[in-house]
Number of protein chains: 2
Amino acid sequence: MSQLSGGEAEQELYREIRRAIAERRLVPGIKLTEDSLASLFNVSRARVRKVLLILAKEHIVKQEPNRGAFVWRPSVIESRNILDARRLVEGYMVREAAKFASPQQIAGLRAILVEEDKARLDGEVAPMMRLSGEFHLKLGECAQNPALWEFLNGLVSRSYLILAVYQRRDVRTCPQDDHRKIVDLVEAGDGAEAARWMEHHFDHIEAELDLVEESVAAKPGLKDILIAPR
Amino acid sequence: MSQLSGGEAEQELYREIRRAIAERRLVPGIKLTEDSLASLFNVSRARVRKVLLILAKEHIVKQEPNRGAFVWRPSVIESRNILDARRLVEGYMVREAAKFASPQQIAGLRAILVEEDKARLDGEVAPMMRLSGEFHLKLGECAQNPALWEFLNGLVSRSYLILAVYQRRDVRTCPQDDHRKIVDLVEAGDGAEAARWMEHHFDHIEAELDLVEESVAAKPGLKDILIAPR
DNA sequence: AGAGAAAATATTGTGCACAATTTTTCGAAA
DNA sequence: TTTCGAAAAATTGTGCACAATATTTTCTCT
């Protein structure tokens, strides 16, 4: 899973940034200043630059020449592309999982379900987001294809950012029963039906999204808020 | 397509390494010494290190701590994983291509077919390899999903290395008619049949492969060659 | 001669200083 | 007060020197 070769502190920095994104503490557009990260994590700036380059390669941050690195902001079309890719890849992976998943792997998936329930009951939104992603990644592991899994890993990371930008503010229902249903079907070896539920699951996710580009004109300015629209 | 942000010479180094791999001048196991690349391309060693990091992220080279970077050598299982991923992704992409491909894109694909024919008639093996990969990438462009395309790009790069290691030495037949057939079907808008032919195409490719791990014991040493086995 | 240790060489890893560029601040003029 | 521009500050980009590690060579002893 680790994307870095050496350097303990380097890995920590890498993981912390990714975790902060998964829990939506880091949201798109935020600037990641090299010096800040360097002093915050007690590493040299060269290390920070290396980590930022890796994150940029994963499309989690966007680097602009001479301007710095910013948490990536997906466009509407990019978001659709990523969700389409996830439908394809995870549809395949869940079918493979139904063939290959070991009892240990099923148990690992159910352990995440329990954590998800707990987080939902406690109303902890941030961990829920992260756990949902971890569920999909753990399910992907069962397909026994590291090349595909790594791709999925990047897609999931970018999905966090998609949700941060486009998830409708009013919805708070979390269809986590989809996850449980999928595990049941995978355990039963019914890959075809599990894949169908995975499709439903993505339908639910996209239904909670408001995938329209928010134009500068559309977003209300101070004037619209304060001058009392009739 | 470019994977690098800035630096003209940097990009050149990146592209040249990738091209050398596509044309099989660089084969798995070769060591890429930083100083050699730096002096060869007249760039600082820091630049070389950056490019090598990117190539490592793309699994084209493998970096070993304190030992350096080597052209990646795919294992049998990794090769299977990559080819499975290509079947999945390219199957999807060719169906999308049948929906969306513009006349210009079809023309671009046919242009590659012409180059392939030319290279085959001239018996130029190296350009043929590269052109075959470029065909698949150009076809992938028609699916209008850059996230998936970038993944495919990495898979194609790794496929060059798979062929370099596992392609059977005796086969020299190149089923390039598959490519032409696929273009015809894409142009006709028959995505389902095009996808079937894509599957056949991969069957052909894998049939030319000898996907067994060559153990150290199996490969004959000098002794076996020179001491005249009876 | 062969094996093993030690020195010499070569290569990778890392921090730092400085250059290039951008962003902010400050002040003067309209 | 606003706007424009120049100076100052902050930030990113880059090369180099040196440290750490690995590899090769050399030398010694059996």
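Modeller: Sorted by class, the surface near DNA strand C comprises seven charged, five polar and two nonpolar residues. The model is a predicted one. In it, 14 residues surround DNA strand C, and the closest are A:Ser44, A:Arg67, B:Arg45, B:Arg49 and B:Asn66. Of the atoms of DNA strand C that come within 4 Å of the protein, 77% belong to sugar and phosphate.

For A:Ser44, a polar side-chain atom lies 2.8 Å from a phosphate oxygen of DNA strand C. In chain B, the backbone takes part: a polar backbone atom of B:Glu34 is 3.1 Å from a phosphate oxygen, and a backbone N or O atom of B:Asn66 lies 3.2 Å from a phosphate oxygen.

Among the elements of chain B, strand E1 (31-32) and helix H3 (45-57) each supply at least two residues of the surface near DNA strand C. Helix H3 of chain B also meets its counterpart H3 (residues 45-57) of chain A: the two axes come within 11 Å and cross at roughly 40 degrees. H3(A) is therefore oblique to H3(B). Their crossing is right-handed. In this contact, A:Lys50, A:Leu53, A:Ile54 and A:Lys57 of H3(A) meet B:Lys50, B:Leu53, B:Ile54 and B:Lys57 of H3(B). By class, the contact between H3(A) and H3(B) has four nonpolar and four charged residues, with no polar ones.

Terms used:
Residues numbered from 1 in each chain as written. Chains lettered and ligands numbered in written order. Predicted model: local features only at pLDDT ≥ 70, side-chain atom pairs only at ≥ 80, totals over all residues. Heavy atoms only, no water. Near = heavy atom within 4 Å. Polar contact = N/O pair within 3.5 Å; in protein donor to acceptor, adjacent residues only side chain to side chain. Helix = DSSP H or I, 4+ residues; strand = E, 2+ residues; numbered from the N terminus. Nonpolar A, V, L, I, M, F, W, Y, C, P; charged D, E, K, R; others polar. Axes fitted to C-alpha atoms, helices over the stretch in contact; angles between N-to-C directions. Parallel < 35°, antiparallel > 145°, perpendicular 65-115°, else oblique. Left-handed = near helix turned anticlockwise from the far one by under 90°. Contact = heavy atoms within 4.5 Å.
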